[in-house]
Amino acid sequence: MPDREVLLKILDLARWAPSGDNTQPWRFELAGGDRVLVHGHDTREWCVYDFRGHASHMAHGALLETLRIAASGHGCDASWRLLPGCPDSAPVYEVSVNRSERPADPLFPFIEERVVQRRPMRMRPLSDDEMRTLAAAVGREYRVQFFGSLRERVAVARLLWKSAYIRLACPEAYEVHRRIIAWGARFSEDRIPEQAVGVDFLTARLMQWVLGSWRRVRFFNRYLAGTVLPRMQLDLLPGVRCAAHVALRPRMRLQEHPDYVHAGVALQRLWLTATSLGLHLQPQMTPVIFRWYCRAGASLSASAGLDGRVRDLAGQFEALAGMQEHEPLCFFCRVGESSAPKSRSLRKAVRDLLSDGGR
């Protein structure tokens with residue numbers, strides 16, 4: 001049985017798991033013996049991108065897989081189960097950690113090295129070996145689809161351009177955008193630091209000022225083409241300048257909360273494997289999330305016309321990927337080689353994530 005010090009070391013690595021906008025929707029409880037309780041939550045009440053909590057549930061899965069990999073590097077096995085009777089808005093996962101003689105998972109060294117790269121990457125195509133390795137990382141219940149030719153990357157970039165307009169013109173997304181950026185920062189423990197957003201200094205200053213009020217946002221969007229510059233820097237250019245775009249497609253429909261948790265496990269293995277290959281990755285989740293809204297028959301926004309744009313976007317995405325309306329899609333990203341980002345999101349300290357405050 002591992003002692004408390006070992007468990008804390010495991011959690012200290014596990015906390016580096018990715019989550020939407022660095023929200024870290026989890027807290028830890030050392031429940032005695034070999035048990036750790038992970039108290040999950042979601043952000044659906046205030047974040048339009050967390051449709052029915054799915055994005056947070058995938059983050060929970062990424063955390064649980066990271067915890068398992070972290071345990072393997074400390075001579076332990078870790079297994080988890082979802083405790084029954086919990087609402088999907090506040091799930092509790094029981095993790096059992098036991099001593100083991102098994103070697104560390106090969107992905108262990110890359111837990112903390114994994115990072116988001118929002119800036120343009122090199123356009124060297126992925127090799128056949130790289131694509132096979134990435135495809136094998138996610139397991140048999142998922143398949144990986146690559147969009148690597150120039151024609152495909154341009155088509156995806158156009159899709160991201162349209163998706164970004166919806167994102168920037170949606171009043172329900174406005175408060176989210178105001179909340180998630182740490183302006184003027186290179187690092188942040190609970191948000192996205194400005195220098196990691198992917199825009200130049202002058203665009204960042206303009207964005208900060210415009211996001212000061214929804215009235216400014218509407219004025220700039222209507223009269224000054226206010227979405228054009230950020231969409232160019234955040235979506236169009238990076239969409240072309242990468243090795244490939246990658247879709248993670250479950251072979252079975254995602255219906256229940258645990259389905260999205262397991263999708264998060266596959267997501268994290270894909271991301272850590274990309275890191276082990278010397279590749280960087282950027283999630284591109286808004287087209288996926290907007291498609292979730294559309295295919296569930298749910299409205300994204302009260303703003304006139306945006307739901308129609310969401311429907312058009314979903315249809316264009318499906319045509320590009322050769323998908324049927326009923327086929328699931330859980331993750332979309334771009335990958336490629338680049339220098340390491342100079343700015344990144346950090347994480348809250350373990351003591352701040354423990355239910356007892358680290359006592």
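Let's start in strand 11, where phenylalanine 331 is the bridge partner of leucine 248. Keep in mind that you are looking at a predicted model.

**A strand with neighbours on both sides**

Strands of a sheet pair through backbone hydrogen bonds, either parallel or antiparallel. Strand 9, residues 244-250, runs antiparallel to strand 11 and is joined to it by 5 bridges. Within strand 11, arginine 334 has histidine 245 standing opposite. Strand 10, residues 280-283, is also antiparallel to strand 11, with 4 bridges between them. Here proline 283 stands opposite cysteine 333 of strand 11.

**Which way do the side chains point?**

In a regular strand the side chains alternate between the two faces of the sheet. You can follow this along strand 11: Phe331, Cys333 and Val335 point one way, while Phe332, Arg334 and Gly336 point the other way. Is strand 11 mostly covered or uncovered? Strand 11, residues 331-336, is mostly covered, with 6 of its 6 residues buried.

A disulfide is a covalent bond between the sulfur atoms of two cysteines. How many disulfides does a search of the whole structure find? The search finds 0.

| Cysteine | Closest cysteine sulfur | Sulfur distance |
|---|---|---|
| Cysteine 294 | in cysteine 170 | 15 Å |
| Cysteine 333 | in cysteine 242 | 9.4 Å |

Cysteine 294 counts as buried because its relative accessibility is 13%, and the cut-off for buried is under 20%. Cysteine 333 has 0% relative accessibility, so cysteine 333 counts as buried too.

**The largest pocket**

Finally, visit the largest pocket, which holds about 370 Å³ of space. Its lining has 16 residues, and Arg253, Leu254, Tyr260, Trp292 and Arg295 lie nearest its centre. Helix 11, residues 286-295, gives the largest share of this lining, with 3 residues. By type, the lining residues are 7 nonpolar, 3 polar and 6 charged.

How values were computed: Residues are numbered from 1 along each chain as its sequence is written. This is a predicted model: local features need pLDDT of at least 70, side-chain atom pairs count only at pLDDT 80 or more; totals for chains, interfaces and linings use all residues. Side-chain values use heavy atoms; hydrogens and water are left out. A disulfide is a pair of cysteine sulfur atoms within 2.5 Å. Buried means under 20% relative accessible area, exposed over 50%, partly exposed in between (1.4 Å probe, protein chains only). Helices (H or I, at least four residues) and strands (E, at least two) are DSSP runs, numbered from the N terminus. Two strands pair if DSSP finds at least two bridges between them. On a 1 Å grid over the protein atoms alone, a cavity is a set of points where a 1.4 Å probe fits but cannot get out, and a pocket is an open set with protein on both sides within 12 Å along at least five of seven lines; lining residues have an atom within 4 Å of a point. Grid points are joined across faces, edges and corners, and a volume is the space filled by probe spheres set on the points. Ala, Val, Leu, Ile, Met, Phe, Trp, Tyr, Cys and Pro count as nonpolar, Asp, Glu, Lys and Arg as charged, and the others, Gly among them, as polar.
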